[in-house]
Amino acid sequence: MTPAGSLLYADDLHKAYGPTTALDGAAFSVHAGEVVAIMGPSGSGKSTLLHCLAGIVRPDSGSITYQGQELSALPDAARSALRRTEFGFVFQFGQLVPELTCTENVALPLRLNGTKRKEAERRALEWMERLEVAGLGHKRPGEVSGGQGQRVAVARSLVTGPRVLFADEPTGALDSLNGERVMELLTQAARSTNAAVVLVTHEARVAAYSDREVVVRDGKSRDLEHLV
Ligand code: ADP
């Protein structure tokens, strides 16, 4: 059963890749508007947990519910629709489309959802202003710095108004000053829309921006929320 108030909840997740156990009974929960950092050493299962929570990887067993609905019960098409409309993603290396301008990159998720170009670009610019990269609109990703590119990627992840923002080592490729600014702007922006943030990091200074930490070790996670 989903604990009251949880937006996204997982319990007893198991996942193996051949002989490698990636998750071995992991648990997790996040409320709307909450920033939760998934921490742990390299290879402990953090990314696998994030990919399961986001409906990208199917766990071998265990339960994941989003707004009370069991993810594994959804057909693939419904899970991809959910990812497009309710979830946003930021990865370690922005993964912007190099041929598009920064504004076109931010507008892309809206365009894919059928929003008209003018409206999509207007909303893209609004988000770029909030992430302090509005001046870069006409540049291509290859012409901006790593920190600026990540802010463009954060704007792109929030432009559709997701309920959950998944961020996998979003500052992993940045120096500490740029990394902190990205985290500041990311958490501020997410809080302003009451989106939940699920953040994978192995850095304590990045996790410091979260409300709560979930530690993963050997595929097992300790989510103190479960004990409440
Ligand atoms: P972390 O994010 O904490 O570094 P991961 O979730 O990426 O950990 O990986 C957990 C374990 O699962 C590791 O031993 C890793 O090598 C293995 N693993 C993850 N993804 C795959 C995959 N697609 N194929 C095979 N093994 C994988």
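In which sense do strand S1 and strand S4 pair, and over how many bridges? I began my notebook with that. The model I looked at is predicted.

**Entry: the sheet**

I looked up S1 at residues 6-17 and S4 at residues 61-66. They pair in the antiparallel sense, over five bridges. I then picked Leu8 and looked for its bridge partner in S4, which is Tyr66.

Next I traced the whole sheet. I found four strands in the order S2-S1-S4-S5. The sheet is open, and its pairing is antiparallel. The edges are strand S2 (20-31) and strand S5 (69-70). Each of these edge strands pairs on one side only.

**Entry: the domains**

I checked the domain assignment of the protein chain. Domain 1 is given as 1-86 + 165-174 + 194-221. Domain 2 is given as 93-161. I noted 25 Å between the two domain centres, taken over C-alpha atoms.

**Entry: where the domains meet**

How many residues of domain 1 are in contact with domain 2? I found six, and they touch eight residues of domain 2.

I looked up the buried area too. About 590 Å² is buried between domain 1 and domain 2. Carbon and sulfur atoms give 62% of that area. On the domain 1 side, I noted Arg84, Leu165 and Leu174. These residues supply 60% of the area that domain 1 buries against domain 2, more than any other three residues.

I sorted the touching side of domain 1 by class. It has four nonpolar residues, one polar residue and one charged residue.

Last, I looked for polar links. Between the domains I found two residue pairs in polar contact.

How values were computed:
Residues numbered from 1 in each chain as written. Predicted model: local features only at pLDDT ≥ 70, side-chain atom pairs only at ≥ 80, totals over all residues. Heavy atoms only, no water. Pairing = 2+ DSSP bridges. Helix = DSSP H or I, 4+ residues; strand = E, 2+ residues; numbered from the N terminus. Domains from an automatic or database assignment. Contact = heavy atoms within 4.5 Å. Buried area = accessible area lost by both parts, 1.4 Å probe. Polar contact = N/O pair within 3.5 Å; in protein donor to acceptor, adjacent residues only side chain to side chain. Nonpolar A, V, L, I, M, F, W, Y, C, P; charged D, E, K, R; others polar.
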